[in-house]
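Reader: I am new to this structure and would like to be taken slowly through one part of it. Please begin with the whole before you come to the detail.

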Amino acid sequence: MAACVISRNSSMLSKFKLFRATAVVSTKSKSLSSTPRRDDDDAYVEKRQKKVYTRRGYDTEHLAEPMTAADLPAVRGEFPDFVRSSEEYRWVERLLPLRSIPQPPPGLPRQTPSGWAPPPASAPNLPYFVGRTRTHEYPVFYELRNSSRKLVKIKYVHGDIWAFAKDIQEYLEAKAECPVATQVHEVAQLVRVKGWFLDECKEFLFEKGF
C-alpha cells in the first residue's frame, strides 16, 4: 500500500515538472516571438547613419559671403527732399513726458476749488518748516502696523521738530477732546501721531501757512 502511494506521488511530481517546463518554454517562445528579428536591421541602421551624416554635413556647411551695398539693385526714381525745422518741434515737446514735475504757476489762490493748496511763496515765521512732496502735496500719510495700530506719519519736518510735535499735539487734542500720543523721529525728520487724523493734520499745516 505504501509502495502504491509513493509511485502515485512520484508520477504526480513528474507531471508537475513536465507542466512547469512546458510553461517556461512557452513563455520564452512567446516573448521571443513578440520581437521578431528583422532581416533589414543592418540596412535600417546604415540608412539612419546616412541621415545623421547628411544632417551634420548641412549644419557644418559654410554660408556665402554677406551682401554689401554694391550687391543691391539700382534705385529707381528720386526721393523727396526734407527740410529741418525747429519751429514745429514745440508741438513734439508737448507729447514728450516731463523729466520733473513743474512748479505751480504764480498767482494761484491760497486754496483751489479741489481742496489743493499751492506751496507758499515764502516760509512762515516759525521755528520749524514742513516741506512738500515731489507732487507738491502735504507729506501726510496713513500708516497701519500689526493690522490694528493706526498712525499718521508727517514727513519732511525741518527745524525744531520737538516744537512742531508739541503744537500739532495740542491742536489735535483740542479737536478730538482726548489725549493724543505723538512720536518724534529726529533723524528721519518725521512725526507720528496715534490715530487716523489725516485731514486734521493737513488742516493744521494749512493754517500754519505751509
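In what order do the elements of the protein chain run from the N terminus on?

Author: What you see is a predicted model, in which local features need a pLDDT of at least 70 and side-chain atom pairs count only at pLDDT 80 or more, while totals for chains, interfaces and linings use all residues. Residues are numbered from 1 along each chain as its sequence is written, and side-chain values use heavy atoms, with hydrogens and water left out.

From the N terminus on, the order of the elements is α-α-α-β-β-β-β-α-β-β-α, which amounts to five helices and six strands; helices (H or I, at least four residues) and strands (E, at least two) are DSSP runs, numbered from the N terminus. The protein chain has 210 residues, of which 19% are buried, where buried means under 20% relative accessible area, exposed means over 50%, and partly exposed lies in between (1.4 Å probe, protein chains only).

The chain averages a pLDDT of 76, and 67% of its residues score at least 70, pLDDT being the predictor's confidence in each residue, from 0 to 100. Over residues 43-56 the pLDDT stays under 50, and the model gives this stretch one contact beyond four places in sequence, a contact being heavy atoms within 4.5 Å. Residues 58-63 also have a pLDDT below 50, with zero contacts in the model beyond near neighbours in sequence. Where pLDDT is low, the predicted coordinates should not be read in detail.

Strands β2 and β3 run antiparallel and are joined by six bridges, two strands being counted as paired if DSSP finds at least two bridges between them. In this pairing E143 stands opposite L151 in β3. The two strands form a hairpin with three residues between them, and N146 in the turn has a positive phi of about 55°. Most residues other than glycine have a negative phi. N146, which belongs to the loop between β2 (140-145) and β3 (149-154), counts as exposed because its relative accessible area is 70%.

Strand β6 pairs in turn with β5, antiparallel over four bridges, with T182 standing opposite V193. The hairpin of β5 and β6 has four residues between its strands, and within it Q189 takes a positive phi near 60°. Q189 is partly exposed, because its relative accessible area is 32%.

With the strands in place, we can turn to the charged side chains. The structure holds three salt bridges, each of them a side-chain nitrogen of Lys or Arg within 4 Å of a carboxyl oxygen of Asp or Glu. One of them ties E203 to K175, with the closest N and O atoms 3.7 Å apart. That pair links distant parts of the chain, since E203 lies in helix α5 and K175 in helix α4 (residues 161-176), 28 residues apart. E203 counts as partly exposed because its relative accessible area is 36%.

Another salt bridge runs between R192 and E143, whose closest N and O atoms are 3.0 Å apart. This pair, too, connects distant parts of the chain, with R192 in strand β6 and E143 in strand β2, 49 residues apart. Both R192 and E143 are buried. E143 is also bridged to R145, with the closest N and O atoms 3.1 Å apart. R145 is partly exposed because its relative accessible area is 31%, whereas E143 is buried because its value is 14%. K175, the partner of E203, counts as partly exposed because its relative accessibility is 47%.

Finally, helix α5 (residues 198-208) includes L198, which touches V140, F141, Y142 and V152, not counting residues up to four places away in sequence. The C-alpha atoms of L198 and V140 are separated by 6.7 Å, although the two residues are 58 residues apart along the chain. L198 is buried because its relative accessible area is 12%.
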